[in-house]
Amino acid sequence: MSRGRADGGSKKRSVTLVLVLVIVCGGLYMYTKRNGSTALEYSSKIRKFGSTYLGGDEEVDETPTKLGEDEDDGVVLKSIPVCDDRHSELIPCLDRNLIYQTRLKLDLSLMEHYERHCPAPEKRFNCLIPPPPGYKIPIKWPKSRDEVWKANIPHTHLAKEKSDQKWMVVKGEKIGFPGGGTHFHYGAGKYIAAMANMLNFPNDIINNGGNLRTFLDVGCGVASFGGYLLSSDVITMSLAPNDVHQNQIQFALERGIPAYLGVLGTKRLPYPSRSFELAHCSRCRIDWLQRDGILLLELDRVLRPGGYFAYSSPEAYAQDEEDLRIWKEMSALVERMCWKIAAKRNQTVIWVKPLTNDCYMSREPGTQPPLCRSDADPDATWDVKMEACITPYTEQIQTSRGSGLAPWPARLTTPPPRLADLHVSTDAFEKDMEVWQQRVDNYWNLLSSKINPDTVRNVMDMKANMGSFAASLKNKPVWVMNVVAEDGPNTLKIIYDRGLIGSIHSWCEAYSTYPRTYDLLHAWTVFSDVERKGCSAVDLMIEMDRILRPKGFIIVHDKPKVVEYIKKYMKALHWEAVASADADQDEDDAVFIIQKKIWRTSESVRELE
């Protein structure tokens, strides 16, 4: 009898357990359906890529497979998980959810919450970012400067919020950009011409005969200022944080205008000293007086000798008590920094930075802000705190009374003086240009069956060295974001001295850009570098996929074992091979060209229907 009672209890417990499992599994199924997540497909063994930082604290084995290491464990990865649709605009190192989840203690008044904070490797979103419902191949340049597909960036709040300033307007399936801004309602073109007129530049052209080439636009909005400068042979780094005006940088890049997600907070901008001829702020709402003027001193660091700061803001013209106080204090600060007013008209003032150290040396002892320490490196920027000090010039600049750079376009191919900082000879510089011109010609021959003259607009060189890859594209309708490694020779100053733009970065982390913002990624030995640092090549491929637009291209120039490793993940990444070839005759590298397919999640398809 007792045995019978025990068996009955066991059966009841079994039935109860089955019911619980059915309920749990059913709940999980409904959750995944509701959140648009995609099922994983694996073979007999499951390789775990990690969890998201929203997914709890489970321990994950993050040991990456070495490049070229034989995978004889029988694993055939059929797919990489797809992030659910709410992450279609994920920027891993600028994600507010990460800040909330990890409870980072940040000073909001210093804009630390807009600076880079990357998830630990075991907490990364190791999944593919889906495009939004209705995503279309972007409109081609130059038409894209003035309009984009609304479905690609389905955010129209700026059109309503800034309607009186003509930032953007909704036009059916498209979003148009009339060229307006906070302080240039009549269009960026007229505003730029007025600035050139204020500075007495010939024919009201802002490049001043090619002497002004690289600009920095702080708090750039949707980057119409930078977009309209391109016709004057001026290239602008349009800079804005991922703040309440969300998606402004995404709009800029969708338009085909150079832009970068960044903020003047506590850390240096990722640009070397003396990178820009002009910095611009049109009512960018920055407190330039805070912390002893540290933010204005950061602009001073990145401005060239004789560089300009164009400031359009109420403080420059308003007569109320608060604006007059700010203007008085700001004028006193820039005077101590040895800046002078080059022009002032209506709402805009333009200051000019000195050409030499003479003014700095003639200041009274104890004048604030002080000069930076003689042993401080003004070009160190990766995770480096700003300092409230003036960066003095080198002896070369003091002697030449300026940067000594050729006007554009000769600047692109003229050896810049700062080559000596890197101990690079003129012959080595010219040989580098010759090698990269041959390589780029070869790349474009391999791509010829897939591209038209307007197929590619936004290009990233993931390891730019001295910028010769970008220089070799000078006759194509593209712009290039030149990325220089944080731990190698700081060649980014050479890139800027050639009239190009770029940033410092480590490819062990995600880049500061939105998903789907580049048409072509050039990865010259980047995978080999990542392996050397002990970082994950799979993470790098997932990050490249995030950055790349659907139908975009990747050029891998690396060791043959790298190419073979990448091929194992092609299907999982929805990539397809376009072409392959041996690299230069004097090296063992291979060239492998990839195209990203366009795909949608089942959730986005349902929304379309």
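Author: What follows goes through the sheet, then the helices packed on it. The model is predicted. The sheet is open and consists of 7 strands in the order β6-β5-β4-β7-β8-β10-β9, with mixed pairing. Its edge strands are β6 (259-261) and β9 (340-345), each of which pairs on one side only. On average, neighbouring strands of this sheet are turned by 20° against each other, direction ignored.

β9 pairs with strand β10 (residues 348-352) in the antiparallel sense, over 5 bridges. β7 and β8, by contrast, pair in the parallel sense, over 6 bridges. There, His280 has Ala310 in β8 as its bridge partner. β8 is also mostly covered, as 10 of its 10 residues are buried.

Now the helices. In the sheet described above, the strands β4 (214-218), β7 (276-282) and β8 (303-312) are touched by α7, which packs on the sheet with its direction at about 135° to that of β8. Helix α8 lies across β8, β9 and β10, and runs at about 15° to β10.

Two packed helices are described by the angle between their axes and the distance between the axes. For helix α7 (residues 290-302) and helix α8 (residues 321-336), the angle is about 60° and the axes are 11 Å apart. Because of this angle, α7 counts as oblique to α8. The crossing of α7 and α8 is right-handed. On the side of α7, the contact is made by Asp292, Gly293 and Leu296, and on the side of α8 by Met330, Leu333 and Val334. Sorted by type, the residues of this contact are 4 nonpolar, 1 polar and 1 charged.

One further spot is worth a look. Gly226 is found in helix α5 (residues 224-229). Gly226 counts as buried because its relative accessibility is 2%, and the cut-off for buried is under 20%. Apart from neighbours within four places in sequence, Gly226 is in contact with Thr236, Ser238 and Ile257. The C-alpha atoms of Gly226 and Pro258 are separated by 7.6 Å, although these residues are 32 residues apart along the chain.

Definitions and conventions:
Residues are numbered from 1 along each chain as its sequence is written. This is a predicted model: local features need pLDDT of at least 70, side-chain atom pairs count only at pLDDT 80 or more; totals for chains, interfaces and linings use all residues. Side-chain values use heavy atoms; hydrogens and water are left out. Axes are lines fitted to C-alpha atoms, for helices over the stretch in contact, and angles run from 0 to 180 degrees between N-to-C directions. Helices (H or I, at least four residues) and strands (E, at least two) are DSSP runs, numbered from the N terminus. Angles under 35 degrees count as roughly parallel, over 145 as roughly antiparallel, 65 to 115 as roughly perpendicular and the rest as oblique. A crossing is left-handed if the near helix is turned anticlockwise from the far one by less than a right angle, and right-handed if clockwise. Contact means heavy atoms within 4.5 Å. Ala, Val, Leu, Ile, Met, Phe, Trp, Tyr, Cys and Pro count as nonpolar, Asp, Glu, Lys and Arg as charged, and the others, Gly among them, as polar. Two strands pair if DSSP finds at least two bridges between them. Buried means under 20% relative accessible area, exposed over 50%, partly exposed in between (1.4 Å probe, protein chains only).
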